[in-house]
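Take a look at the model below. The paragraphs after it go through the chain step by step.

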Amino acid sequence: MNQASTRSHCIFTIHLCSKELGSSMVRRSKLHLVDLAGSERVGKTGVGGQILTEAKYINLSLHYLEQVIIALSEKNRSHIPYRNSMMTSVLRDSLGGNCMTTMIATVSVERRNTGESLSTCRFAQRVALIKNDAFLNKELDPALLIVHLKKEIQSLKEELALVTGEQRSGKLTQEEIQQLEEQINVYLEDPDSEVTLNPGPDIRKIHFCFSLLKMRVREGSCGQNGVNTGRTPLMGMSDEEQRKSYAENQKLRDMLTHRDNEISILVNMLKKEKMKVQDVTSQLAQLHNQNPSTYNSSWSLTTIHVEESAKYDHSNEYTHSQHLMSRKRGK
């Protein structure tokens, strides 16, 4: 129909990649610009030879494209024949995939091409029935993804070594030691009591953190005792002020220990006195129940026994016991 036209499809593909500055997410898209060859009826054109062969392939390719469009327009269709032709295979993700597709159908205004125009309109109507839900293609930058996966693999290896008890003989690098020291400094300076120190599953790093914390504690103790460690005094105090503070703390500890000893002695004395009073009361009750007539004589013997035992006790205990016995006689 057109002597200057070639019997082929033309597909021009543009791959786009965008990334915001400082972001690790990459947006990828693909743009297909497609020029489909028009369908020709060989009976009208009367071509032959090579041109006839090209026309047959073009019509066959458009036929396979129409089959794909019909399959996509059917909701319950499980198989889409993309692989019937090279064109449908290339345009697979632009027809029924994550895409936004616009198809422009051209028709002929001549009366003798009415049949072809109607066929094109029906094809465009079937294409309009296809509904795709397009969403943005986001993915992590491959270079950053590789770094992230390497770190994850290393972390899993360290966790496995920690669980299995595998001993690692390699020493920590200077960079790892510096990172651990920075983590410990941040941990010690943070006023939040719920903050945690996470050196990772590497047992070497855990041992190093414990050693460094132990050294810091020893340095703090030496600073409180007035020993010059070459570091800044604790909480901005001078050596003289630290020594005075330590002496006052020691004095208060001694006073507290002395008071605790006095309290324990008084408590023991009260317990002994209470037990003696209970014993006297129980003996009097038993004697009274056994023989009321001998109550007075038994009471005198018990009194003498209590008085004799009280001589060896503290004067306060003796006075209190005498007071209790005088109350009993009054009854």
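Is valine 42 buried, partly exposed or exposed? Valine 42 counts as partly exposed, because its relative accessibility is 30%. The classes are set with a 1.4 Å probe on protein chains only: buried means under 20% relative accessible area, exposed means over 50%, and partly exposed lies in between. Valine 42 sits in helix 1, which covers residues 42-45. Beyond its neighbours within four places in sequence, valine 42 is in contact with Val47 and Leu52. Contact here means heavy atoms within 4.5 Å. Leucine 52 is 10 residues away from valine 42 along the chain, and their C-alpha atoms are separated by 7.4 Å.

A word on the basis. This is a predicted model, in which local features need pLDDT of at least 70 and side-chain atom pairs count only at pLDDT 80 or more, while totals for chains, interfaces and linings use all residues. Residues are numbered from 1 along each chain as its sequence is written, and side-chain values use heavy atoms, with hydrogens and water left out.

Now the whole chain. The protein chain has 11 helices and three strands. These elements are DSSP runs, numbered from the N terminus: helices are H or I with at least four residues, and strands are E with at least two. In sequence order, the pattern is β-β-α-α-α-α-α-β-α-α-α-α-α-α. The protein chain has 331 residues, and buried residues make up 18% of them. Take the contacts in the protein chain with a separation of 6 or more: 52% of them come from residues 24 or more positions apart.

The three strands form an open sheet in the order 1-2-3, with antiparallel pairing. Two strands pair if DSSP finds at least two bridges between them. Strand 1 (10-18) and strand 3 (138-140) are the edge strands, each pairing on one side only. From one strand to the next, the twist averages 30 degrees.

Follow the pairings in turn. Strand 1 and strand 2 are antiparallel and share nine bridges. Serine 18 stands opposite arginine 27 of strand 2. Six residues lie between the strands in this hairpin of strand 1 and strand 2, and glycine 22 takes a positive phi near 85 degrees there. Strand 2 (residues 25-35) also pairs with strand 3, again in the antiparallel sense, over three bridges. Methionine 25 has leucine 140 in strand 3 as its bridge partner.

Next come the helices. Two packed helices are described by the angle between their axes and the distance between the axes. What is the crossing angle of helix 2 and helix 5? Helix 2 (residues 50-73) and helix 5 (residues 114-128) cross at roughly 40 degrees, and their axes come within 8 Å. Axes are lines fitted to C-alpha atoms, for helices over the stretch in contact, and angles run from 0 to 180 degrees between N-to-C directions. Helix 2 and helix 5 are therefore oblique to each other. Angles under 35 degrees count as roughly parallel, over 145 as roughly antiparallel, 65 to 115 as roughly perpendicular, and the rest as oblique.

Which residues meet at this crossing? Helix 2 brings Leu65, Glu66, Ile69, Ile70 and Ser73, and helix 5 brings Phe123, Arg126 and Val127. By class, the contact of helix 2 with helix 5 has five nonpolar, one polar and two charged residues. Ala, Val, Leu, Ile, Met, Phe, Trp, Tyr, Cys and Pro count as nonpolar, Asp, Glu, Lys and Arg as charged, and the others, Gly among them, as polar.

Stay with helix 2, where leucine 62 lies. Leucine 62 is buried, because its relative accessible area is 17%. Not counting residues up to four places away in sequence, leucine 62 touches His9, Leu36, Ala37, Gly38 and Ser39. Serine 39 is 23 residues from leucine 62 along the chain, with 7.5 Å between their C-alpha atoms.

Serine 85 lies in the loop between helix 2 and helix 3 (86-90). Serine 85 is buried, with a relative accessible area of 11%. Neighbours within four places in sequence aside, serine 85 is in contact with Ser61 and Tyr64.

End at helix 3, which holds valine 90. Valine 90 is partly exposed, with a relative accessible area of 33%. Leaving aside neighbours within four places in sequence, valine 90 is in contact with Ile11 and His32. Histidine 32 is 58 residues from valine 90 along the chain, and the C-alpha atoms of the two are separated by 9.5 Å.
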